[in-house]
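Take a walk through this protein chain, one contact at a time.

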Amino acid sequence: MSGFRREFHGCLTRRADGLFELADAVLCADGPVRTLVGLSLTPEHRRGHGGLYDVSPWLRPDGNTCPDRSFCHTYGRGRNEHRMIPGWPYSFVAALEAGGTSWTALLDAVRLPPGADVAAVTVAQLRGVLERLVAAGQWRQGDPEIMVVLDAGYDAPRIAYLLADLPVRVLGRMRSDRVLCRPTPPRVGTATAQAWNRLHPRLTRRAAWIDHTAPLPIIEGTVIRLTVERLPSGGVNKPVWLWCSAVDADAARVDCWWQMFLRRFDIEHTFRMLKQTLGWTRPRLRDPDAADRWT
């Protein structure tokens, strides 16, 4: 083998060292050679690393008669100013490689028309690129998921949601004013309900029953005592006493009753909407009949 290498090097009359190294890299490659720059990388660096999606403008500030121009965001013009200049923005998809290289493989380019939904164009373009990669055998089932790298001008969460059915992961820079929420914490605190069956209030002939001439009735029902370990607001967790006109209820029915009572607080939001949004109590009316008609 050593002799063969010396004889082969001797056959190369021009640029012998460069051609010899090129042939050596081709023979030692672990697969088909698609780019010359790929031969200078180690095997682990020759694998695809991810995909870059970005927009670059073709500026046409003086093309007043050029159709479909849009205002393109440009950087570094003048004294590091960010300016909007008319032109044609183009959306590029490029394949990135790992390791010490800045080479990319351009895969697709699409011009963005004025008023385009950038997220929708991005999703459609990435879907098309992925379909071509699969058809060409560049990605197979079981391969690592494709990383899509985006800059701050893209809505990364929305794009990730729209591409959820594809083997991709989205990595994007966030704007500094983006608001994020943690997962909803589990409910802390246990609610305990106790129930007493067939209890009736003690009635007297006064107040509402002062004009009742017949014998006072016995109105049976179920009394419920609801307690919680702690309140979300941190307030004093006093027990809540409820009375239901039904009797002989099982534990599941009692739980349904006190949960239904808690839902009554939903109407407070309705009152807030009536007053703050619809302006129910905003008119300064003096006549209650007018208030009735307004209501």
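The side chains of D155 and R178 meet in a salt bridge, with N and O 3.6 Å apart. A salt bridge here is a side-chain nitrogen of Lys or Arg within 4 Å of a carboxyl oxygen of Asp or Glu. D155 sits in the loop between β5 and α4, and R178 in the loop between β6 (168-172) and β7 (191-199), so the pair ties together parts 23 residues apart in sequence. Helices (H or I, at least four residues) and strands (E, at least two) are DSSP runs, numbered from the N terminus. D155 counts as partly exposed because its relative accessibility is 31%. Buried means under 20% relative accessible area, exposed over 50%, and partly exposed in between (1.4 Å probe, protein chains only).

This is a predicted model: local features need pLDDT of at least 70, side-chain atom pairs count only at pLDDT 80 or more, and totals for chains, interfaces and linings use all residues. Residues are numbered from 1 along each chain as its sequence is written, and side-chain values use heavy atoms, leaving out hydrogens and water.

A second salt bridge joins E220 and R198, at 2.4 Å from N to O. E220 lies in the loop between β7 and β8 (221-228) and R198 in strand β7, so this pair ties together parts 22 residues apart in sequence. R198, E220 and D248 are linked in a network of salt bridges. D266 pairs with R263, their closest N and O atoms being 2.6 Å apart. R263 is exposed, because its relative accessibility is 57%.

Now look inside. The largest nonpolar core has 16 residues, and L150, I159, L163 and V168 have the most contacts inside it. Such a core is a set of buried Ala, Val, Leu, Ile, Met, Phe, Trp, Tyr and Cys residues joined through side-chain atoms within 4.5 Å. The elements giving two or more residues to it are α3 (118-135), β5 (146-150) and α4 (156-162). Helix α3 gives the most, with five residues. Which residues does L163 touch, not counting those up to four places away in sequence? They are V123, L126, R127 and V168. Contact means heavy atoms within 4.5 Å.

Finally, turn to two residues elsewhere. F261 belongs to helix α5 (residues 251-262). F261 counts as partly exposed because its relative accessibility is 31%. L285 lies in the loop between α6 (267-276) and α7 (288-294). Leaving aside neighbours within four places in sequence, L285 contacts A290, A291 and W294.
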